[in-house]
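Let's take a walk through this protein together, one side chain at a time. Keep the viewer open and follow along.

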Amino acid sequence: MIHRDSRKSPFYDPKLTLEDRVRRMNMRSEARISQLLVDNNLEKYVDAFQIIPFEGYEFLVPLKIGTPPVPQILVMDTGSLLLWVHCGYTMGGERSPYPLYIYSHSPSYIEDVFCKTPMCEFIMLKGECGRDSKRCEYTYRYMSGMTQGNLASEVFTFQSPNGTDVTMNKRLMFGCSSILSKGANHVSGILGLSKRAISLISQLNHTGFSYCIGNINDEDYDSNTLVLGGEPVILENSTPMFIVIGKYYITLEKISVGDKFLDIDSSIFKRINYEGGMLVDSGATSTYLPDIGFNKLKEEIRFVIGTTLTEHISSRKGELCYRGTISEDLKNFPTIAFHFVENAVLKFDAQNLFRQDKSDYFCLSLQSTDSDRLSQKLPFSILGIWAQQFNYIAFDIY
């Protein structure tokens, strides 16, 4: 996987300062939240289009499609159900930094998904018959645009950890996108990893997937890895996962700072009547907690740091920031841990709890679900990508 701001990213801009990158990351994260808010409402109205989180993405996956293989760069999204790619001379797709995949040039391309089949009539896809054929056509909408095309199957080639190409021994069903509108034309497509019958994971007949994320701040870090295939390796205690509209949720129970458990009623984290639970997300940067939990954790951190550091007044209301650097000023900061159902524990150190926003100050990478920067109150918690740094995250979905 390639982080959006790494040197290996086709969107890397060497002119951006640390402050610029953080600001853009926050903007992408908040765009992601806006789209997740819309998506959450679909749980109540299942006969609806899925919202694709396009502006709010952090990681890209290079792969190849067709015969001969054509390089592409796709957004890795744990919340999208479909693998789709710019296909042919796509209207609106000319800005993608990678070569266009021309399906008519690939002998391995087959239009073998037809109308009135279970795959085509899948409730979140709303497939329809083509005007001049029986091929399955789809429309996906998201906050700032849409993608349209037809379902087909093709040969895909992925990159192994040692850098060699591995071509799948079966064709994969994908969305061959022929029309794109604004917001979707700067990447080659989406690598959807949600649990649905048409998702990549389901097609591969794998029990799940996993990924490992390193230092997002390091522009030269190149070992972020997405693992597809085999059973996910569960190294320590696992926690039950539940799925809402293809997205992965877990249940937080307690929060500790050092040896102290915060006095927070665990019921605020549970999912009841379309609200609650903690979404494990690949697009949001910050972690979001219910207002009560966030404020208690924020005040405990403030108490622990005390007067040893000077608070920095952030332009972002409600954010806890300090003058100094994480590496030098938080060397002895206590471990903070999220405790999930069935004794699974996720521990945070200063590096994945705080974010160096500028060379002379850093901020807590946690926010309230009732933040003024959100268009409305977020009805669930989010485990953001910043908190997932330096951890092996495994999804065992079967």
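Which residues are linked in a network of salt bridges? Arg-7, Arg-21, Glu-219 and Asp-220 are the members of that network. Before you zoom in further, please keep in mind that this is a predicted model.

Let's stay with charged side chains for a while. Side chains of opposite charge can pair when their charged atoms come close. Counting such pairs here gives 17 salt bridges. One of them joins Asp-222 and Lys-8, with 3.6 Å from N to O. How much of each partner can you see from outside? Asp-222 is partly exposed, because its relative accessibility is 49% and the cut-off for exposed is over 50%. Lys-8 has a relative accessible area of 56% and is exposed.

Next, find Lys-260 and Glu-300. Their closest N and O atoms are 3.0 Å apart, and the two form a salt bridge. Lys-260 belongs to strand 17 (residues 260–261) and Glu-300 to helix 3 (residues 291–305), so the pair connects parts that are 40 residues apart in sequence. Is Glu-300 buried or exposed? With a relative accessible area of 12%, Glu-300 is buried, whereas Lys-260 is partly exposed at 42% relative accessibility.

Another salt bridge is found between Arg-135 and Glu-137, where the closest N and O atoms are 3.6 Å apart. Here Arg-135 is partly exposed, with a relative accessible area of 24%, and Glu-137 is partly exposed too, with 27%.

Now let's turn to the rings. The model holds 15 aromatic pairs. Among them is the pair of Phe-242 and Tyr-249, which is stacked, with 5.5 Å centre to centre and 20° between the planes. Phe-242 is partly exposed, at a relative accessible area of 26%, but Tyr-249 is buried, at 3%. For another geometry, look at Phe-338 and Phe-340: the ring centres are 6.4 Å apart and the planes stand at 75°, so this pair is edge-to-face. Phe-338 is buried, with a relative accessible area of 1%, and Phe-340 is buried as well, with 5%.

Which residues form one aromatic cluster? You can pick out Tyr-101, Tyr-103, Tyr-109, Phe-156 and Phe-174.

Return to Tyr-249, the buried member of the stacked pair: Arg-271 lies over the face of Tyr-249, at 4.9 Å from the ring centre.

Ser-153 is part of strand 7 (residues 145–154) and is buried, with a relative accessible area of 5%. Which side chain does Ser-153 meet in a polar contact of 2.8 Å? The partner is the side chain of Asp-112.

Val-233, Leu-235 and Tyr-392 make a nonpolar patch of about 300 Å². Leu-235 belongs to the loop between strand 13 (225–228) and strand 14 (242–244). This leucine is exposed, with a relative accessible area of 67%.

Finally, let's check the backbone. Which two residues does a cis peptide bond join? They are Thr-67 and Pro-68, with omega about -5°. Pro-68 lies in the loop between strand 2 (59–65) and strand 3 (70–77).

Positive phi values in residues other than glycine are the last stop. Asn-273 has phi near 50° and is in the loop between strand 17 and strand 18 (278–280). At 66% relative accessibility, Asn-273 is exposed. Phe-390 has phi near 65° and is in the loop between strand 27 (381–383) and strand 28 (391–396). Phe-390 is partly exposed, with 41% relative accessibility.

How values were computed:
Residues numbered from 1 in each chain as written. Predicted model: local features only at pLDDT ≥ 70, side-chain atom pairs only at ≥ 80, totals over all residues. Heavy atoms only, no water. Patch = residues over 30% accessible without salt bridge, like charges linked within 9 Å, V, L, I, M, F, W, Y side chains within 5 Å. Areas by Shrake-Rupley, 256 points an atom, 1.4 Å probe, with all protein chains shown as cover. Salt bridge = Lys/Arg side-chain N within 4 Å of Asp/Glu carboxyl O. Helix = DSSP H or I, 4+ residues; strand = E, 2+ residues; numbered from the N terminus. Buried < 20%, exposed > 50% of the residue type's maximum accessible area, 1.4 Å probe, protein only. Phe/Tyr/Trp six-rings, centres within 6.5 Å; stacked < 30°, edge-to-face > 60°. Lys NZ or Arg CZ within 6 Å of the ring centre and 35° of its normal. Polar contact = N/O pair within 3.5 Å; in protein donor to acceptor, adjacent residues only side chain to side chain.
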